Amino acid sequence: MNNRVEIDQTNVAVSHLEGYSLTPLDHTLVPRVAKFEFDGSSIPRFWQGEVFATRMFDAMQLAFPDGERMFIHAVRNYADKVTDPVLKEQVKHFIFQEAQHGMAHTDFTETLTKQGLKVKGVVKFIKKGMLLFQDKAPHKYQLASTVAAEHLTASLGEFMLSTENNLLSNADPKMKAFYMWHGIEEVEHKAVAFDVYQQVAGGGYFTRSLALALMYPMAIFPLMAGTMAMMHVDGELSIKELRKGVIAMFGKQGIWRKTFPAVMSFYNPSFHPWQTGYPKGFHEWKKAYEETNGDMEAAMYAAESAVSG
Ligand SMILES: [Fe+2]
Ligand SMILES: [Fe+2]
């Protein structure tokens with residue numbers, strides 16, 4: 001793949017671990033301020049155009065703010081030990097980006113509350129779980145979990161931009177731009193935690209593999225439960241809707257089925273997040289974002305036309 005370039009080993013200050021990264025040498029992370037404003041009335045209740053997909057995203061995003069704070073915490077535990085200047089800069093921007101995601105998704109959670117969904121208790125429960133994990137789990141395991149979660153989010157981000165799916169095709173433009181921004185940044189910083197884990201924390205294959213094995217089912221099953229709970233409040237929980245949902249998740253074109261091979265590539269001992277390179281539409285999104293002074297919707301349309309064109 002054209003974009004795969006090994007970092008010149010002379011630039012990798014931490015060499016005792018044979019520091020190795022496939023992050024393209026000219027790759028840059030951009031700290032972007034999230035400018036989304038959600039007021040309940042301007043977002044359609046079923047912003048994906050149908051119930052299950054909307055509520056699956058809504059349920060998933062409840063875990064983002066505290067999850068992302070946990071990722072920041074896990075990387076920060078090692079930030080002082082990062083001596084390579086490129087990785088140091090990337091860590092700084094990674095923290096900025098995840099903090100922005102957390103704030104924007106917290107804001108969106110308010111919209112759900114306005115819709116009558118009692119999500120505050122769930123968010124509190126997630127927060128408690130994350131804080132306990134941050135307090136009790138070994139630092140290396142926290143980072144391994146972050147690496148695993150980052151692989152999931154980057155795989156979803158890359159899937160979102162792929163040509164063969166209709167993941168957000170009927171979504172409200174504002175929401176589509178919101179998720180596209182998050183997905184693009186997940187791709188942009190996909191290797192930061194991994195490089196810290198491998199080059200600085202001395203993290204190995206076994207621990208990261210275990211972290212993904214424990215996290216993957218945890219990402220899917222509570223998500224299904226949360227989605228169904230929301231549909232119940234909506235008065236939309238029916239066999240017909242659930243059937244549609246299961247197909248959307250696990251059917252031939254289903255999000256979890258289609259992303260499964262990408263997720264499993266993590267179990268290759270020589271895995272590196274940049275082995276998949278840049279997805280289509282990525283550079284176009286960045287270019288349009290810069291040219292329009294941060295217009296997320298314009299960037300989204302630029303990526304979309306690059307992907308479909
Ligand atoms: Fe994020
Ligand atoms: Fe991330």
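**Entry 1: helix H1**

I looked up the buried residues of H1 and found Val 51, Phe 52, Ala 53, Thr 54, Arg 55, Met 56, Phe 57, Asp 58, Ala 59 and Gln 61. I call a residue buried if 20 or more other C-beta atoms lie within 10 Å of its own, exposed if 12 or fewer, and partly exposed in between, with C-beta atoms placed from the backbone. Helices here are DSSP runs (H or I, at least four residues), numbered from the N terminus. What do the buried residues of H1 pack against? I found helix H2 (64–79), helix H3 (85–114), helix H8 (205–234) and helix H9 (239–250). I count a contact when two C-beta atoms, placed from the backbone, lie within 7 Å.

**Entry 2: numbering and confidence**

This is a predicted model, where local features need pLDDT of at least 70, side-chain atom pairs count only at pLDDT 80 or more, and totals for chains, interfaces and linings use all residues. Residues are numbered from 1 along each chain as its sequence is written, with chains lettered from A and ligands numbered from 1 in the order in which they are written. pLDDT is the predictor's confidence in each residue, from 0 to 100. The chain averages 88, and 92% of the residues score at least 70. Over residues 1–19 pLDDT stays under 50. The model has 33 contacts beyond four places in sequence for that stretch.

**Entry 3: helix pairs**

I took axes as lines fitted to C-alpha atoms over the stretch in contact, with angles from 0 to 180 degrees between N-to-C directions. Angles under 35 degrees count as roughly parallel, over 145 as roughly antiparallel, 65 to 115 as roughly perpendicular and the rest as oblique.

I checked H9 against helix H10 (residues 255–264): the angle is about 15° and the axes are 3 Å apart. That makes H9 roughly parallel to H10. Ala 248, Met 249 and Phe 250 of H9 meet Ile 255, Trp 256 and Arg 257 of H10. The contact of H9 with H10 has five nonpolar residues, no polar ones and one charged. Ala, Val, Leu, Ile, Met, Phe, Trp, Tyr, Cys and Pro count as nonpolar, Asp, Glu, Lys and Arg as charged, and the others, Gly among them, as polar.

Next I took helix H5 (residues 139–160) with H8. Their axes come within 8 Å and cross at roughly 55°. H5 and H8 are therefore oblique to each other. The crossing of H5 and H8 is right-handed. A crossing is left-handed if the near helix is turned anticlockwise from the far one by less than a right angle, and right-handed if clockwise. The contact of H5 with H8 divides into 10 nonpolar, three polar and two charged residues.

**Entry 4: single residues**

Is Asn 293 buried or exposed? Asn 293 is exposed, with 7 other C-beta atoms within 10 Å. I found Asn 293 in the loop between helix H11 (282–291) and H12. Asn 293 has a positive phi of about 60° and is not a glycine. Most residues other than glycine have a negative phi.

Ser 308 lies in helix H12 (residues 296–308). Ser 308 is exposed, with 10 other C-beta atoms within 10 Å.

Tyr 216 is in helix H8. Tyr 216 is partly exposed, with 19 other C-beta atoms within 10 Å.

Key:
Helices (H or I, at least four residues) and strands (E, at least two) are DSSP runs, numbered from the N terminus.
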